[in-house]
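Here is a short briefing on the strands of one model. The sequence and structure come first, then the points by topic.

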Amino acid sequence: MTTYDAVIVGAGPAGMSAARTVAEAGLRVALVDAAPRLGGQYHRQPPATFHVTRPEAVHHGWRQFAALRDRLAGLDGVTHLPDHHVWSVERTDGLVTVRAVTDLRTPVGVTIRGRALLVATGGYDRQLPFPGWDLPGVVTAGAAQALLKANLVLAGQRVVVAGSGPFLLPVAAGLGRAGATVAGVYEAARTSRFLRHTPTLARNAGKIVEAVRYHTSLLRHRIPVRGGWAVVAAHGDARLAAVTVMRLDRAGRPVPGTRRRVTCDTLAIGYGFSPQIELLVQLGCATRLDVDGSVVADVDAEQCTDVPSVYAAGEVTGIGGAALSHIEGTIAGLAIRAAAGRPSTIPERLLSRRAALRRFAAAMHDVYRIPAGWTDWLTPTTIVCRCEEVPAGRVRAAVEQDGATQLRTAKLLTRAGMGWCQGRVCGHAVSALVSRHGGRPATHADLAAWASRPIAQPVPLRLLADAATDPSVSQP
């Protein structure tokens, strides 16, 4: 079995930049990814059979991505392993073993070994429940964009975009350009909070220009943007027909008398992203709470975790965007090169730019805080865990009547977070409800528990048995 100098899990901005940096030093790299093509979620693409004449129309930063993709194709040391779903990682005898499953129709187990591991698995949409959020036609903002990028398909004809975070702007602009009628963008945050961060914003003029371009596109397509408003309910019988929006006060609670009904067939909603850190937790890597309340990998100046030869880059170290992910991937690649005996130094300009982008990300997290009063728009029957169909009232009863002040206890009593998604969708909401009804803030241990999954992806039992008896079940 081939032993690579580095195994990189995730072929998005961070993973691709790291793979290029490592391979340019003459080292062998396995770039493992669940998608069929390079780019990750940020540059998700349609199948090769689709003929797209202007990919830059739906992809921000397409030229940079295309140049990086072409550079990787020209490097002999890079082995790209697409359609590989990593479910387990181990570190023994100074080597890292990565186990994946490929060909999901007839699953095949794959084992990949390397001297170093970089986890660059990105993140996924963070959701807040509300009455009707389980109706057909309610999708995450990321799903709406993924449909457009990967399939050139509109999520709907009349769309409401809502939630909080700068990601809402490109989603709405992309839908508008593609021909959808966007009935409105309802941003829960108040833009006045930007005034707190004027110096940081001034030092990131490129980000401001980018935001202005999105707003210009929204104006061109006559898409209204409402700050300080949120979707508090979705309505429909067989599928979504309308949503209710309300203005929020400074505490994030709906203001009485501001209720409006907006007709739509699709709601694209999201409240930022959650880092996907399961593989790092499997290895026992230290984590911390980031400024937005997410649990992220704790790394040093060279993107190293506290587990030897294990690195992390991109959204798993804190949600910060593609530009920051590129830089962190490059820094991690340089560190891996140095550890492998290839003389490498990390330029001060990279460290400075990373610090600047981290400060900008922290400012965005402060501006686009999740509204503190979002639990006020729940009813006792509102489903909070869709996999196990657990309503908000059951979570409250577990805390107030059964004494489940610890998140783990509430999970065991209600089964919230024990279904197919393993808390990826409902984890944040359940944690917040247990904290509210229990009268204590959610701790780092509470939140980190959602990422503790010995099996990171669904895998056939047969492959689990094979892995238990023979760690070299197959080769890439």
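Strands β14 and β15 (residues 242–247) run antiparallel and are joined by six bridges. Two strands count as paired if DSSP finds at least two bridges between them. Strands (E, at least two residues) and helices (H or I, at least four) are DSSP runs, numbered from the N terminus. This is a predicted model: local features need pLDDT of at least 70, side-chain atom pairs count only at pLDDT 80 or more, and totals for chains, interfaces and linings use all residues. Residues are numbered from 1 along each chain as its sequence is written, and side-chain values use heavy atoms, with hydrogens and water left out.

**The β14–β15 hairpin**
- W229 has R247 as its bridge partner in β15.
- Six residues lie between the strands of this hairpin, and G236 takes a positive phi near 160 degrees.
- Strand β14 (residues 229–235) is largely enclosed by the rest of the structure, because six of its seven residues are buried (under 20% relative accessible area, 1.4 Å probe, protein chains only).

**The five-stranded sheet**
- An open sheet of five strands pairs in parallel, in the order β10-β17-β11-β12-β13.
- Its edge strands, β10 (138–140) and β13 (225–227), each pair on one side only.
- From one strand to the next, the twist averages 20 degrees.
- Three bridges link β12 (residues 181–187) to β13 in the parallel sense.
- E187 has G227 as its bridge partner in β13.

**The helix on the sheet**
- Helix α3 (residues 141–151) packs on the sheet and touches β10 and β17 (266–270); contact means heavy atoms within 4.5 Å.
- The direction of α3 makes about 85 degrees with that of β10.
- Axes are lines fitted to C-alpha atoms, for helices over the stretch in contact, and angles run from 0 to 180 degrees between N-to-C directions.

Technical notes
Buried means under 20% relative accessible area, exposed over 50%, partly exposed in between (1.4 Å probe, protein chains only).
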